[in-house]
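Please study the following structure with its sequence at hand.

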Amino acid sequence: MSSPNSAGRLARLAAVLCAGATLATGGCAPNVHSSAIRGTGYIRLDDVVKHHPLYAQLTQLDDAIAAINLQVVAPQVPLSAKQITAQVAVLNGQLRAAQDRANKILAQKQRDYARREQQAVSAALAAAGVRGSGASAAQQMSGASAQQAAQAEQAANADLMAYQQNVIAQDNAASSSVAKQLQTQAAQKYRAKAEQLQQNETDLSLRLTQQDAATRLAVKMKLNNLALEPDARKQAQAQLAALAAKESAALGAQRNADEATLRAYRADLDRQTGGAIRSQVGAITAQTRVKLEERRDQVGSQLRSLGPPSLPANLPPNVQSRIAAIHKQFISQFQADASKTVAEYNDTKTDLDRQFAALHGADVGATGAAAKELQALQKRRSDLYQQIVAQAERDARRVAKDQGFSIVFVNVWAAAGGYDLTSQVIKDIESQHE
Amino acid sequence: MKIRSAILFAGALSATTWMASGAIAADLTDVGYVDQADVANLPVFVNANRQLASYKSQLDGQFNAQVKHVKTDAERQQLALQFQQQLQDKQREIVGPLLQRAQLAIAAVSSTRNLSVVVDKRIVIYGGQDITRDVEAVFTSPQAITPPVATPPPSEIGFVDQTVLDGVPKVQTANSAMNQFETTQRQVYAARMAQARSSSEKQQILQQFNKTVADKQDQLLKPLVDQTRSATSAVARKKNLVLVVDKADVISGGTDITADVQNELAK
């Protein structure tokens, strides 16, 4: 006769039996040889991968790959050939305007300096008490030579300016190429180091979980026993928590150490790269300075060869030397002033050069670097995926062996029979990593 | 008494069912697999691939020289097709006989072992019969391989040809719409990405892009995938198959249910 009590006892007995089976096989195993299963199992690998503890890292890699793919598309989007032609025309217009502006300013400055020199000479003559024909002749001579000197200076300065532009442009291009190259090298080194450390962390994480897998599984099985005494259950739970804490601490310590290593490495790289850039750019700038100084000296000597204004012989020597000094002073002031205008023009030109380069796809190099990074990320992704799949398959093989399956497939298209081992494998993987 | 009789009857029924299933349901033991990557590493295949690579490199040189003289995209496409055809002809000439011999070797071993299906190693993770070494031994032997007289026994492992299912009009339309949508969105989000200044902004744009594409996939493709899987399961049940795999993973034997699934989908 059956009664509620006996039914309850039967249910408890069933639970205990089931728990016993759990200890033996890791769960209430299916009848794998039934007509529906025929000893055949399968796992949905994609679902197992999604439950793996390293899936978050896999997703991060996928995101990084997708981001690069998205960025690589970008340069094709914004401008058509027609738009580029129109923008080049605008930039060319801006460049011509900048050149004209610089030339006008220089011409105006030359006139101003010539006028002021003439006034200074007159004042010097007046102060020296030179009057009449001597003064007039001196002024005329000075005026005439000032005009000649101004013309010569104008030509020489235009020449110097063109030369400066050319040399500075070369300097800029060389410096920026060197800096870019060194920075790219540094970025590659940093990335390689970061990847290496991340790989170490991944390896450690796997190693730790594998080390404790057997213990963890044993404890989990014990916990699955419904008849386990509360004290023993607490103890088992504490044991699991201790395992998790131990692994987490080891991983945390490794991460902290890696972060510190990476920070130090970054600082070191920055120092090295900064030093190398300063040294190489310094050498280029020094060469440029030497070239410009040589050219300035040449121009200066050409201008000096025109000599100070030839003055009448009857001028006292101190007045002659005073006038020569005034001439020298104005030439040097003009040159300094003109250099500022040239520098301003060069700044504008450099900026426009950058815009030209961007328009003509000068960031093609970035695409090359992106392609390299993409390749590295894809390799890391593939390695990590293989690692995850290998573990999933190992676990599936173990479950299949424990439960007596004859064959287990992955990635089946559809199932009309067989036994889906996916959730068991997921549970197994999760229990090892909890 | 009645209860006791019922229990006894249930016990008898259960024993009958157990015995019946034991009699009918023998485990699948006639499934073999081959490690195709291992076979591809046999010296004859390595040499053949080397020859083919060298021929391809010659063709690439010729193509690059000739493509300079073409004026339109259509001409370029025509030229590319012509070279592609040449490469395929050479591939048939060099690798074709080897693949044919490999197929014969697999069929011979499969027949000897009475296998109903031979699949690629990558889809079997436990059990099954690994026939790779046997196949390699037959393949590399100097003798001619005699094709087996008997056809493989009927298999409870079915397969579908995914490429054929992709050709079903509604699947084709959905795939094409999805590709177009993704291309357009890629350009839209790439432009936004180019404007982004911080990495968090870029991350946000990427997430939006992924979500937009995923939502569209759910809308356009998921119903079709579900429909195809359910049609495949229905056909598999009708034909008493245990599992259905992709044709690309089947090397020999198996039950082809592509046409049946195609018909189900066309309904």
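Helix α10 of chain B comprises the 17 residues 222-238, and at 1.5 Å a residue it should span 24 Å; its end C-alpha atoms are 24 Å apart, which agrees. The expected span is 1.5 Å times one less than the number of residues. Helices (H or I, at least four residues) and strands (E, at least two) are DSSP runs, numbered from the N terminus. The model is a predicted one, in which local features need pLDDT of at least 70 and side-chain atom pairs count only at pLDDT 80 or more, while totals for chains, interfaces and linings use all residues. Residues are numbered from 1 along each chain as its sequence is written, and chains are lettered from A and ligands numbered from 1 in the order in which they are written.

Which residues of α10(B) are buried? They are Thr228(B), Ala231(B), Thr232(B), Val235(B) and Ala236(B). These residues cover an arc of only 135 degrees around the axis, which puts them on the same side of α10(B); the arc is that of the directions from the helix axis to the C-beta atoms. On the other side of α10(B), Lys222(B), Pro223(B), Asp226(B) and Lys238(B) are exposed. A residue counts as buried if 20 or more other C-beta atoms lie within 10 Å of its own, as exposed if 12 or fewer do, and as partly exposed in between, with C-beta atoms placed from the backbone.

The cover over the buried residues of α10(B) includes β5 (157-160), α7 (162-166), β6 (243-246) and α11 (258-266) of chain B, together with β3 (414-415) of chain A. After α10(B) comes Asn240(B), whose phi is positive, near 55 degrees.

The two chains also meet elsewhere. In total, 37 residues of chain B are in contact with 35 residues of chain A, where contact means that the C-beta atoms of two residues, placed from the backbone, lie within 7 Å. On the side of chain B that touches chain A, at least two residues each come from α1 (2-24), β3 (124-127), α8 (169-195), α9 (199-220), α10 and β6 of chain B. The largest share, 7 residues, is that of α8(B). By type, this side of chain B divides into 23 nonpolar, 8 polar and 6 charged residues. Here Ala, Val, Leu, Ile, Met, Phe, Trp, Tyr, Cys and Pro count as nonpolar, Asp, Glu, Lys and Arg as charged, and the others, Gly among them, as polar.

Strands also join the chains. β3(A) and β6(B) run antiparallel and are joined by 2 bridges; two strands pair if DSSP finds at least two bridges between them. In this pairing Ala414(A) stands opposite Val244(B). Likewise, 3 bridges connect β2(A) with β3(B), which run antiparallel, and Val408(A) has Tyr126(B) as its bridge partner.

Within chain A, strand β2 (residues 407-410) points Ile407(A) and Phe409(A) one way and Val408(A) and Val410(A) the other way, and all are buried. Strand β1 (residues 40-43) of chain A runs parallel to β2(A), joined by 4 bridges, with Thr40(A) opposite Ile407(A) and Tyr42(A) opposite Phe409(A).
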